[in-house]
Amino acid sequence: MNLTELNKVAMAMVAPGKGILAADESSGTIKKRFDAINVESTEESRRDYREMLFRSSEAMSQHISGVILYDETIWQTAKDGTPLVKIIEQAGAIPGIKVDEGTQALPNCPGELITVGLDKLAERLKKYYDRGARFAKWRAVINIDTDNTPTMTAIHANAHALARYAALCQVAQIVPIVEPEVLMDGDHDIDRCYDVTQRVLNKTFQELRIQRVALEGMILKPNMVVPGKKSAKQASVQEVAEKTVRLLKNCVPAAVPGIAFLSGGQSDEEATAHLDAMNRIGDLPWRLTFSYGRALQAAPQKAWSGKAENVAAGQRAFTHRAQMNSLATRGEWKADLEKKKAA
Ligand code: 13P
């Protein structure tokens, strides 16, 4: 393992003003997104859509540091035959790959999930590296349900899998994005999200140490501390920012180069406002940026709606969101900039 090189890639992933585009929806998830805009999900439509994003040259060269791809996409070529990976590289961004193989029911823990995909991961990572991937992602899902869930069993099993994945990535000279996502489904309040996320992050870093993962060569992708979507008590932008920063300062060692949040079902503008408010707090030991899927793609999906004549509009919508989030990484976003969008 060359840790200097891993650290260089990790730092580039969280370079000031830049963040990550999570375009790694599985075939099932992208079908759901396409259903919402009445587009049939085929290999070709998925390619056309992602090609549109990756050819958004302003967004990709100025605001996006890297793109997380799904297995299908990393092997695909653009309409003109250029590999999609090359288009990303030519824009100056880094290709990455989702390597987990989804979730399964966790035995003895009703309703809880374990992320799978460790078998043969070492061989798969070699192929992805040869294709150009320099970072990877593995997502663990933790659900807050009753007072008894998540169980420590689910937290432990998922943290262990994340750490095994991260160690395998670093040996393959690939920077692991470690993503333990506490879902925002449910009616719990913000303080319950704080407590659960704290347990999850503490266990995750404990397991990372046990597996001897070098913290300078990884990126953390956590949820923000937010109330459940159905909570009667919603929180202000400032409260989310303060509680998230406080939690991260308690749980994430300063050796980690950067933290790139998931959007997790927040609206586009909420996800931007929260990131901005955290960066305004300032004086942080790591860089705070975005690794958004939905919060970067909902607008371009709608603008594009599967029509070739809408490609420019889709690219404008994507560029706008990328630019807003870029400002948020510097704590320089303002709500009224949203109104001036995409003229
Ligand atoms: P969202 O920003 O839509 O949560 O997606 C990010 C991601 O990569 C989830 O695994």
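Reply: Helices (H or I, at least four residues) and strands (E, at least two) are DSSP runs, numbered from the N terminus. This is a predicted model, where local features need pLDDT of at least 70, side-chain atom pairs count only at pLDDT 80 or more, and totals for chains, interfaces and linings use all residues. Residues are numbered from 1 along each chain as its sequence is written, and side-chain values use heavy atoms, with hydrogens and water left out.

Me: OK, where does His320 lie?

Reply: His320 lies in helix H13, residues 311-329.

Me: Is His320 buried or exposed?

Reply: His320 is buried, with a relative accessible area of 7%. Buried means under 20% relative accessible area, exposed over 50%, and partly exposed in between (1.4 Å probe, protein chains only).

Me: And which side chain does His320 make a polar contact with?

Reply: The side chain of Glu338, at 3.1 Å. A polar contact is a pair of N or O atoms within 3.5 Å; within protein, one must be able to donate a hydrogen and the other to accept it, and residues adjacent in sequence count only if both atoms are side-chain atoms.

Me: Staying with H13, how do the axes of H11 and H13 cross, and what is the angle?

Reply: They come within 7 Å and cross at roughly 20°. That makes H11 roughly parallel to H13. On the cut-offs, angles under 35 degrees count as roughly parallel, over 145 as roughly antiparallel, 65 to 115 as roughly perpendicular and the rest as oblique. Axes are lines fitted to C-alpha atoms, for helices over the stretch in contact, and angles run from 0 to 180 degrees between N-to-C directions.

Me: Which residues in H11 and H13 meet?

Reply: From H11 you have Asp268, Glu269, Thr272, Leu275, Asp276 and Asn279, and from H13 they meet Arg321, Met324, Asn325, Leu327, Ala328 and Thr329. Contact means heavy atoms within 4.5 Å. By class, the contact of H11 with H13 has four nonpolar, four polar and four charged residues. Ala, Val, Leu, Ile, Met, Phe, Trp, Tyr, Cys and Pro count as nonpolar, Asp, Glu, Lys and Arg as charged, and the others, Gly among them, as polar.

Me: At what angle do H10 and H11 pack?

Reply: Helix H10 (residues 237-251) packs against helix H11 (residues 268-281) at about 60°, with their axes 8 Å apart. That makes H10 oblique to H11. The contact of H10 with H11 has eight nonpolar, three polar and one charged residues. Among the H10 residues that meet H11 are Val237, Val240 and Val245, and the H11 side includes Ala273, Met278 and Ile281.

Me: New topic: what does Leu288 touch?

Reply: Leaving out residues up to four places away in sequence, Leu288 touches Val245, Leu248, Ile259, Phe261, Leu275, Met278, Asn279 and Thr329. Leu288 sits in strand E10, residues 287-292, and at 3% relative accessibility it counts as buried.

Me: How far apart are Leu288 and Arg330 in sequence and in space?

Reply: They are 42 residues apart in sequence and 9.0 Å apart in space, C-alpha to C-alpha.

Me: What about H12, which of its residues are buried?

Reply: In helix H12 (residues 294-304) the buried ones are Ala295, Leu296, Gln297, Pro300, Gln301 and Trp304. Gln297, Pro300, Gln301 and Trp304 also meet Ser45, Tyr49, Met52 and Leu53 in H3. The residues of that contact of H3 with H12 divide into five nonpolar, three polar and no charged. Just after H12, Ser305 takes a positive phi of about 50°.

Me: Where does Thr73 lie, and what does Thr73 touch?

Reply: Thr73 lies in helix H5, residues 71-74, and is buried at a relative accessible area of 0%. Not counting residues up to four places away in sequence, Thr73 touches Arg50, Phe54 and Leu84. Its side chain makes a polar contact with the side chain of Arg50 at 3.4 Å.
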